[in-house]
Amino acid sequence: IAEADDDCDPKFLSRVMEAILSADDVVIGFSDSQMIDGAGNLIAPHYQSHYREAGAFKLGNSGIWTAAAFARQCLSVQNLIYNVSAVVWRRDALLAALRRCGESLRDWKVAGDWRLYLELLTHEKGRVAYVAEALNRHRRHGGSATQSADVKRHVDEIRKMHEISAEKCHLDAAGRANQQNYLRDVQNLLSVSKTENTSSPRQSRGAKPVVARKPKV
């Protein structure tokens, strides 16, 4: 909770635990997050516009999903759990996922949290609990792992995650096409951001996560 230099609302844990305990076999619970900059100033009050842009309209409201359905809808193309410090895990499920990933998890510099979510949710037959209140505060600044990673590494890790999720989520041709669309969007945005940051480093402050276009169905 509130790992690194993130922060959370005092009600974060009680609200997320309430959601977790409202259903059987919940293995992960998480809340929406605010975005703040390095000084703690508010950038955005929630991630709802990002969820909508990604076509994840169900994240507009609190709810419970099966692990498999959530993995397919929210993790197969991109990682829609934007901040790991907004997550409460079931301990035994987390430890089992860590064992299955093994030492290879250390090799991930950008998408390690995404890899772990997917490993857990495509192996367990439990549920995911989501609280639509922005009870976590996600600090975004130029020193974060995602923003400091080079473009090639960032894109390579997403491509690798797409290969893993396509297999684990049994994606069809349309799902794989959505992955390709997202990867192209990421490449274009990161290339532009790198050029802008080279000419004006201050523009990296408060950068937002890359969001895919709405999936084709």
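**Figure 1. Packing of helix H4 in the predicted model.** The buried residues of H4 pack against E2, strand E5 (87-89) and H5. This view, like those that follow, is taken from a predicted model. The buried residues in question are Ala93, Leu94, Ala96, Ala97 and Cys101. Because they cover an arc of only 165° around the axis, these residues fall on the same side of H4. Arg91 and Arg99, by contrast, are exposed on the other side of the helix. After H4 comes Gly102, which has a positive phi, near 65°.

**Figure 2. The protein as a whole.** The protein contains eight helices and six strands. Along the sequence, these elements follow the pattern β-α-β-β-α-β-α-β-α-α-β-α-α-α. Of its 217 residues, 46% count as buried. Among contacts between residues at least 6 apart in sequence, 78% join residues that are at least 24 apart. The protein exposes about 11,200 Å², and carbon and sulfur atoms supply 51% of this area.

**Figure 3. The largest nonpolar core and the surroundings of Tyr51.** The largest nonpolar core comprises 48 residues, and those with the most contacts inside it are Phe30, Tyr51, Leu59, Phe70 and Leu121. Two or more residues of this core come from each of E2, helix H3 (67-74), helix H4 (91-101), helix H5 (112-121), strand E6 (127-139), helix H7 (151-168) and helix H8 (173-199). The largest share, six residues, is supplied by H5. In soluble globular proteins, nonpolar side chains tend to be buried together. Leaving aside residues up to four places away in sequence, Tyr51 touches Phe30, Asp32, Ala56, Leu59, Leu80, Tyr82 and Tyr130.

Figure 4. A separate core consists of nine residues, including Val16, Ala19, Ile20 and Ala129.

**Figure 5. Arg115, a buried arginine in helix H5.** Arg115 lies in helix H5. With a relative accessibility of 12%, Arg115 counts as buried, because the cut-off for that class is under 20%. Residues up to four places away in sequence being left out, Arg115 touches Cys101, Leu105, Trp108, Met161, Ile164 and Lys168. One of these partners, Cys101, is itself among the buried residues of H4.

**Figure 6. Strand E4 and its pairing with E6.** Strand E4 spans residues 63-66 and has two faces: Gly63 and Trp65 form the covered one, Ile64 and Thr66 the uncovered one. In a regular strand the side chains alternate between the two faces of the sheet. E4 pairs with E6 in the antiparallel sense, over four bridges. Within this pairing, Trp65 stands opposite Val128 of E6.

**Figure 7. Ala23 and its contacts.** Ala23 is placed in the loop between helix H1 (12-21) and strand E2 (26-36). When residues up to four places away in sequence are not counted, Ala23 touches Ile64 and Arg127. Ile64 belongs to the uncovered face of E4. The C-alpha atoms of Ala23 and Trp65 are separated by 9.9 Å, although the two residues are 42 residues apart along the chain.

Terms used
Residues numbered from 1 in each chain as written. Predicted model: local features only at pLDDT ≥ 70, side-chain atom pairs only at ≥ 80, totals over all residues. Heavy atoms only, no water. Contact = heavy atoms within 4.5 Å. Core = buried A, V, L, I, M, F, W, Y, C linked by side-chain atoms within 4.5 Å. Buried < 20%, exposed > 50% of the residue type's maximum accessible area, 1.4 Å probe, protein only. Arc of directions from axis to C-beta. Areas by Shrake-Rupley, 256 points an atom, 1.4 Å probe, with all protein chains shown as cover. Pairing = 2+ DSSP bridges.
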